Amino acid sequence: MVSMVNFDNQKMIFTLSNHSISYIMEVVDGYLVHRYWGKTITHYNFSNRPMLKKRTFSATPNIDQPELSPEFIPFEAPTSHMGDYRNAAVCVINPNQQDVVRFSYVGFNILNQAPELVDLPFARNSDEKVETLIIHLFDDISKIQLDLNYTIFENHAIVVRSSTLKNMNSNKIILEKLLSASIDVCYSKQNLTTFYGTHQKEYQINRGDIHHGLFKIGSSRGNSGPQYPPYLAVSEDATEFHGEVHAMTLLYSGNHEEIVERDQYNNLRLQIGLNSETFSWPLNQGESFQSPQALLAYSEEGFNGNSQVFHHFFKEHLINPNWTNKARPIVINSWEITYFDVNDTLIRELIDSASELGFETVVLDDGWFKQRNSSQTSLGDWTVDLLKFPYGIKTLVDYARKRNIGFGIWFEPEMISPNSELIKKHPNWVMRAKNYEPILGRNQYYLDLTNNDVQMFIINTLSKVITECGINYIKWDMNRHITDPFSPINDHKKPGQYFHNYMVSLYHTIDQLTKKFPDVLFENCSSGGGRLDPGMLYYFPQTWVSDNTDAFDRQQIQYNASYLFPTSSITGHVSVVPNHQTNRIIPLNVREALASSTNMGYELDIIKMDSDKKERIKEHLKTYKAERNLILNGNFYRLSSPNDSNSCSWIFVDDNQDKAIVYHIRNTYNTYDLSLTLRIPYLDVHADYLRFETNQIYSGSELANCGLAFENIKGDYQVNKIILQKIVEN
Ligand code: GLA
């Protein structure tokens with residue numbers, strides 16, 4: 001069997017290769033250096049090795065090779081104070097309290113599996129062939145070992161990277177920084193793509209030139225945050241459809257950083273990992289620290305190609321296999337219907353209407369527990385409000401089950417209200433700094449999840465509600481960011497340890513619950529997509545991507561989130577107009593199109609609705625159910641971008657390219673557009689397709705190259721839905 005990982009001990013070259021990518025490193029003078037990351041190459045013979053020159057101001061550790069300065073060396077794990085003046089990836093306070101470490105190559109080993117991390121989410125093993133290269137570096141003075149882990153799967157254009165640092169010294173050291181990946185490449189006009197955003201405006205694209213100096217994004221909020229999700233991509237002439245894209249993301253949901261540095265010689269350093277400014281980790285003798293995993297995705301087929309790499313990898317190696325291909329229920333959620341004003345009658349009526357119209361799960365959102373009539377109270381008191389629900393929740397779940405409807409319920413488990421019974425009972429469960437009043441966010445505090453009792457409280461509380469009531473869906477919300485990163489009981493002097501400990505505790509808690517209840521669907525939410533990252537996706541197969549349900553704003557949010565996330569992981573609801581977030585009135589067919597392009601649900605009052613509207617919903621749900629498998633499990637490609645045009649379109653197509661659904665939305669009406677044309681690639685160019693709506697037949701090549709024309713209909717917001725079926729010759 002041909003190995004994917006190889007070491008040439010004559011040339012001192014490590015190669016990781018599969019049929020789509022190669023990743024190559026060389027050992028030079030004890031340094032581990034980067035040589036290549038991109039499309040598969042057959043043999044590497046140093047063709048791109050830069051010609052080095054001695055330069056003034058350059059440090060020259062080897063007197064016989066003055067041109068070999070750390071200033072130019074493309075390090076795989078750069079450290080400080082050794083002549084590489086760019087941003088370091090590893091920083092350690094050694095036993096002499098000096099932040100100096102110097103690593104040299106000492107050896108490697110290869111495993112036929114992907115490493116399974118103890119405390120963190122990781123790329124999962126499957127039946128697929130996989131190999132992991134572990135390169136050992138060692139600082140012989142301070143006795144510190146640094147292992148760099150590289151995993152490659154046979155069928156994915158992905159390298160999984162992480163680092164493990166181990167203290168072999170008898171004295172304590174402090175790890176101040178351990179990035180998950182650092183890669184040096186040459187600059188040749190690449191530009192940079194990252195995301196920015198905020199509440200109700202998640203996943204906005206930020207694309208621009210890479211200037212000399214250092215560009216950094218990340219989070220110090222204790223969560224990955226909607227501000228700058230963990231992602232960066234470099235590309236030169238890439239479009240959605242063509243060109244090379246190198247992208248990175250992180251399997252982590254806490255503080256992170258992404259750095260791009262262009263130095264004076266136009267070398268480009270790309271880095272991703274834990275946020276080093278909010279991190280600090282003491283290590284006693286024999287102790288080690290494992291960084292989160294970074295995923296490095298390569299494609300030569302533009303950003304769509306790169307998204308395919310992430311989508312397939314997430315489906316096969318990240319999302320809980322229990323849920324990957326399982327049909328997700330169409331939900332009706334109570335939040336935008338009545339907000340906190342939920343009650344027994346309303347939910348019964350909602351169940352009745354849901355069952356009449358074809359919904360599959362009713363989700364009782366916030367407001368169901370003791371005295372929770374606003375966001376000012378009761379988080380932590382997870383017992384039913386008997387004034388609103390005199391017969392409890394179980395009777396409602398049974399009522400729903402008799403009508404073949406599942407039942408979901410909202411929790412915000414990581415939080416506690418100052419106005420709660422829980423805080424009176426356990427004042428020391430609040431995350432806080434000694435002697436200081438913790439700062440409020442949405443009228444609430446964080447629970448100190450690093451306290452085992454708190455973890456057990458969350459696990460037991462949710463378990464009780466799930467088991468006693470028979471709940472099969474949990475919406476796990478988290479609506480503020482961390483301000484006081486300290487534990488009243490665990491003595492963390494610096495927040496550096498707390499932030500990561502919090503995340504490990506959270507992962508541990510969710511891991512326990514999701515393993516205990518494999519059939520309960522856990523949905524991730526943080527005021528929408530505030531903690532939508534690949535780390536969360538490991539535990540939660542789907543995420544409420546935004547509290548903004550406006551079908552205009554949603555176009556960008558959904559379009560851009562698909563850079564990383566497959567459709568099944570994104571939930572979207574049809575909501576009322578005027579929209580509660582924007583006051584915009586967008587026609588129903590656009591709202592339907594947007595929600596139908598996700599893991600769909602509704603969040604509007606279906607109880608007090610006239611029969612025509614009900615019929616419309618019935619039809620919509622029927623259609624969605626028929627198309628759901630293709631939408632959630634097919635391949636999703638972006639066709640025209642709402643970021644820079646007046647339209648938004650995308651296609652769902654199955655693996656065999658037999659069937660496709662295209663949504664094309666034109667926003668404002670322009671008199672100068674006589675007609676609209678959309679090219680539709682990603683079909684079989686050797687086959688013909690029947691367009692259902694018009695009964696016309698077009699070849700795949702015609703649709704890809706000539707495109708399909710639509711009438712430009714007067715009025716804003718036009719939706720064209722195109723269903724294409726391959727014609728099979730008998
Ligand atoms: C957050 C969520 C909403 C809703 C409310 C309830 O904002 O994103 O969907 O659940 O909390 O308070």
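Modeller: A cavity is a set of grid points where a 1.4 Å probe fits but cannot get out. The model examined here is predicted, and a search of the whole structure finds eight cavities of 30 Å³ or more.

Biologist: How much space lies in the largest cavity, and which residues line it?

Modeller: The largest cavity holds about 90 Å³ of space. Its lining consists of Gln558, Ala561, Ser562, Phe565, Pro566, Thr567, Ile570, Ser597, Thr598, Phe636 and Trp650.

Biologist: How do the residues of that lining divide into nonpolar, polar and charged?

Modeller: Six are nonpolar, five are polar and none is charged. Asp, Glu, Lys and Arg are what count as charged, and the list of lining residues runs from Gln558 to Trp650 without any of these.

Biologist: Why is serine 487 called buried?

Modeller: Its relative accessibility is 9%, and buried means under 20%; therefore serine 487 counts as buried. Serine 487 is placed in the loop between β26 (473-476) and α7 (495-516).

Biologist: What makes the pairing of the side chains of serine 487 and aspartate 448 a polar contact?

Modeller: The two side chains are joined at 2.6 Å, and the cut-off for a pair of N or O atoms is 3.5 Å, so the pair qualifies as a polar contact. A polar atom of the serine 487 side chain also lies 3.1 Å from the backbone nitrogen of isoleucine 489.

Biologist: Why is threonine 623 called partly exposed?

Modeller: Partly exposed covers the range between buried, under 20%, and exposed, over 50%. Threonine 623 has 30% relative accessibility, so it counts as partly exposed. Threonine 623 belongs to helix α11 (residues 611-633). Its C-alpha atom is separated by 18 Å from that of aspartate 658, 35 residues apart along the chain.

Biologist: How many residues surround the ligand, and which are the closest?

Modeller: There are 13 residues around the ligand, and the closest are Asp365, Asp366, Lys475, Asp477 and Asp547. The shell divides into four nonpolar, three polar and six charged residues.

Note on methods: Residues numbered from 1 in each chain as written. Predicted model: local features only at pLDDT ≥ 70, side-chain atom pairs only at ≥ 80, totals over all residues. Heavy atoms only, no water. Helix = DSSP H or I, 4+ residues; strand = E, 2+ residues; numbered from the N terminus. Buried < 20%, exposed > 50% of the residue type's maximum accessible area, 1.4 Å probe, protein only. Polar contact = N/O pair within 3.5 Å; in protein donor to acceptor, adjacent residues only side chain to side chain. Near = heavy atom within 4 Å. 1 Å grid on protein atoms, 1.4 Å probe; cavity = no way out; pocket = protein on both sides within 12 Å on 5 of 7 lines; lining within 4 Å. Points joined across faces, edges and corners; volume = space filled by probe spheres on them.
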